[in-house]
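Hello,

Here is the structure I promised to send over. Have a look at it first, and my notes follow below.

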Amino acid sequence: MHYCKDCGSEINSEESFCLICKKNQPPIAIYEIKQPKQFTKRKLLFGILGLFTVVLIFAGAIVMLNSDSADKNSGSVLPNTETASDSEPLPAAIPTDKSFENNRDIPKTLELIQIFSDFNEGTLENLALSNQEGEKELKLEMAKLDFEKNIVADNFLSARSVHAVDIDRDGKIDILGAARYSHKIAWWKNNGFNHDTGKISFTEFTIDSDFKGAFSVHGVDVDNDNFKDIIGASLYDEQIAWWKNNQDGTFSDKKIIDNYFDGAIYVYSADIDSDGYMDILAAGEAVDQIAWWRNLGDGTFSSCLVIGDSFVGARSVHAADIDLDGDLDVLGTARFADKVAWWENLAQLSSCSSKNPSE
Ligand SMILES: [Ca+2]
Ligand SMILES: [Ca+2]
Ligand SMILES: [Ca+2]
Ligand SMILES: [Ca+2]
């Protein structure tokens, strides 16, 4: 539809002549009256669904907020780290599941990012842990691993062997020693901590001062009276012997187990035959043997029983169940053969070397 620019009258859309003004008039405007916007069925459907979705989201948000509020007031005894501090602002994004993999806004638990240790003169100085931001640091001072020397005896000539057992059953560990050139077997009673000196004090008691070339000592309850007795090896006298604990801090005279075990240099004890009595084991450096003496239970022992022969320069002996079959096997070292060996306990042992006159 056209309109005359002078009188505003309608002009036929097919023409430009105004019937009122009687002259040609270009239209001053062209108005196009648009129809009211109509929704097609598809657009209407999407619109309804969209509105419904918005309503659902809004309703869901309200439910979540109510649920969160209910949890706060539920009286649950379980810790809730998210709500523990009401005064603190909540994180901007609260995760809806347990996956925090991509959410770097969530505070992380303490992470080990650095462990360093500084071994300085045998001392482990520090173990440090810190979180990722370095905000917290935990330092653990480790116990120093130093040792301080304390002299127990300073005139124990050619001291060769030491063992620690509670001789007098006072709950404090005492010390046994063997001195080759002093020919002595002795024990030092542990007197406990001395507040004046700041140290533990000991008192020496001689058990035997004529055990020639005393080379090895060991404390073991030979006669099952619950007091530790003493066994020893004499290199010069070639003896294996024991001293009974009289239960009053004194010991019996020497009791010979073997009077001729050539090069007796090391003594040890274990229940080799599992009869409840501690047997005696020894290394003979000159006879090149590892041997044992069965404890007969009445303070006496069997004759020497060889475990390892031709073990040149037998120097030490020990016992342990190496093959885990329930019995104690025997281990030994040979000084001149440069060997370490163990012998399986087969309960088939031969007697000692013919060098032993007791055989
Ligand atoms: Ca003691
Ligand atoms: Ca005893
Ligand atoms: Ca035994
Ligand atoms: Ca075994």
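Over how many bridges do strand 11 and strand 12 (residues 199–208) pair, and in which sense? They pair over nine bridges, in the antiparallel sense. Strands here are DSSP runs of E with at least two residues, numbered from the N terminus, and two strands pair if DSSP finds at least two bridges between them.

A word on the source: this is a predicted model, in which local features need pLDDT of at least 70 and side-chain atom pairs count only at pLDDT 80 or more, while totals for chains, interfaces and linings use all residues. Residues are numbered from 1 along each chain as its sequence is written, with chains lettered from A and ligands numbered from 1 in the order in which they are written.

Strand 11 (residues 184–194) also runs antiparallel to strand 10 (residues 174–179), joined to it by five bridges. Trp 187 is the bridge partner of Leu 176 and, towards strand 12, of Phe 205. Each hairpin has four residues between its strands: in that of strands 10 and 11, His 183 takes a positive phi near 55 degrees, and in the turn between strands 11 and 12, Gly 198 has a positive phi of about 75 degrees.

Further along, four strands form an open antiparallel sheet in the order 13-14-15-16. Strand 13 (214–220) and strand 16 (255–258) are at the edges with a single partner strand each, so one side of each has no neighbour in the sheet. Inside the sheet, strand 14 (residues 229–234) pairs with strand 15 (residues 239–243) over five bridges, and Ile 230 of the pair stands opposite Trp 243.

Ile 230 turns up again in the largest nonpolar core, which has 52 residues; Ala 233 and Ile 240 are also among those with the most contacts inside it. Strand 17 (residues 264–270) gives the most to this core, five residues. Such a core is a set of buried Ala, Val, Leu, Ile, Met, Phe, Trp, Tyr and Cys residues joined through C-beta atoms within 7 Å. Buried means 20 or more other C-beta atoms within 10 Å of a residue's own, exposed 12 or fewer, and partly exposed in between, with C-beta atoms placed from the backbone.

Finally, Val 306 lies in strand 20 (residues 305–308). Val 306 counts as partly exposed because it has 19 C-beta neighbours inside 10 Å.

Best wishes
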